[in-house]
Amino acid sequence: MDIKVKEEYLQQAMKLHRENPVVDAHLDLAGEVLLRRQAGEREVVKRYYLSHFKRAGMKLVVSSVYVETGNLDRAWENALGQIAALKEDIKGLDEVTLIQTGSDLDRLLIEDKIGILIYMEGLDCIGEDVDRLNALYDLGVRGASLTWSRQNTLAVGCCKASENRQIAGGLSEAGIRAIKRMEELSMFLDISHLNDEGFEQVCHVAERSFIATHSGSRQIYHSYRNLTDEQIEALAGQGGVMGMNGCKCIAGSLSGNHLEMLCRHIEYETEKAGEGHVGYGFDLCDSYSRASAALQGKSYTDRDDCLLDHSQVPLVSAALLQRGMEPEQVKGIMGGNFIRYFQGILRQ
């Protein structure tokens, strides 16, 4: 049975969300925008997301650019198409702005707007050509993970969320060069989807702090998409933040106890990493999956996400409060910790 949030805690959470920045560190927004535009739709963010963002008090959404396996033969073209589609879609929205620098982020915090920060979920599109990172940077991309849950020329990914098996292999020389180039460009490194060997190598190679945008605790739910205690402590020790994943098969809430499992992960991660190193990175995929299915003339009726949409994000904050977490801790987790990280990593 899931947590039933009491009204007093929901009201307290809504007040926190109105008065403090809220961040979702991972959403496949660019890919969904491209899919829907390919189907003839326009104003995707406005129609499908804006009201939910406003309801939750979202201040910053980190949009991934994820190239599906079926598009790897034209990965560069697909990635550029996603970036262009997202930029075009938000161009006419006064309430939404693209974040590219620390100064942009500073201004965002005093404006009544929602920021979009673009990053690559996997760098399959560059092959071994690290110079393409410069081209991506010029297009507004400000971070990347080396790979998704598969192997490419840079690194080996962990297993897919639907599986639970260890995969051997680490970073290639090109992968190490990519990390160095990203650091030169002040692009953040995301280790979600990286396998255990790759994570260990990153700890030795990276000179700037890295993050896990959408991963949970392997101790709370045993999935290789989640981080071990040692990884959580290492990530926090070098100044990173981990965003709690809201997919049921990663949170481990397949029985319907969605809020309970999200809270258990966050509470445990806070204990292991410290309250300044945990955030939200919900990876809500249902809307993307519906868009993908519709483009193929199919319907998608499953529910893979713990939350129906972003309007339910305050429920997580309320549940944390109800379970005894202090408001100051919740403020950091719901956005303050990621805001601080991005302010430190992005060029001014």
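The legends below describe close-up views of a predicted model.

View 1. Serine 253 sits in the loop that runs between α11 (248–251) and α12 (258–273). With a relative accessibility of 0%, serine 253 counts as buried, because buried means under 20% relative accessible area. The side chain of serine 253 is joined to the side chain of histidine 258 by a polar contact of 2.9 Å. When residues up to four places away in sequence are not counted, serine 253 touches Lys248, His258, Met261 and Cys306.

**View 2. The largest pocket and its lining.** The largest pocket holds about 660 Å³ of space, and the residues that line this pocket number 27, with Tyr66, Trp148, Cys285, Ser289 and Asp304 lying nearest its centre. Two or more residues of the lining of the largest pocket come from each of α11 and α13 (286–295), and α13 gives the most, with four residues. Sorted by class, the lining of the largest pocket consists of 11 nonpolar, seven polar and nine charged residues.

**View 3. The second largest pocket and its lining.** The second largest pocket has a volume of about 160 Å³, and among the 14 residues that line this pocket, Tyr49, Ser287, Arg290, Leu308 and Asp309 are the closest to its centre. To the lining of the second largest pocket, α13 gives the most, with three residues. By class, the lining of the second largest pocket divides into six nonpolar, three polar and five charged residues.

Methods: Residues are numbered from 1 along each chain as its sequence is written. This is a predicted model: local features need pLDDT of at least 70, side-chain atom pairs count only at pLDDT 80 or more; totals for chains, interfaces and linings use all residues. Side-chain values use heavy atoms; hydrogens and water are left out. Buried means under 20% relative accessible area, exposed over 50%, partly exposed in between (1.4 Å probe, protein chains only). A polar contact is a pair of N or O atoms within 3.5 Å; within protein, one must be able to donate a hydrogen and the other to accept it, and residues adjacent in sequence count only if both atoms are side-chain atoms. Contact means heavy atoms within 4.5 Å. On a 1 Å grid over the protein atoms alone, a cavity is a set of points where a 1.4 Å probe fits but cannot get out, and a pocket is an open set with protein on both sides within 12 Å along at least five of seven lines; lining residues have an atom within 4 Å of a point. Grid points are joined across faces, edges and corners, and a volume is the space filled by probe spheres set on the points. Ala, Val, Leu, Ile, Met, Phe, Trp, Tyr, Cys and Pro count as nonpolar, Asp, Glu, Lys and Arg as charged, and the others, Gly among them, as polar.
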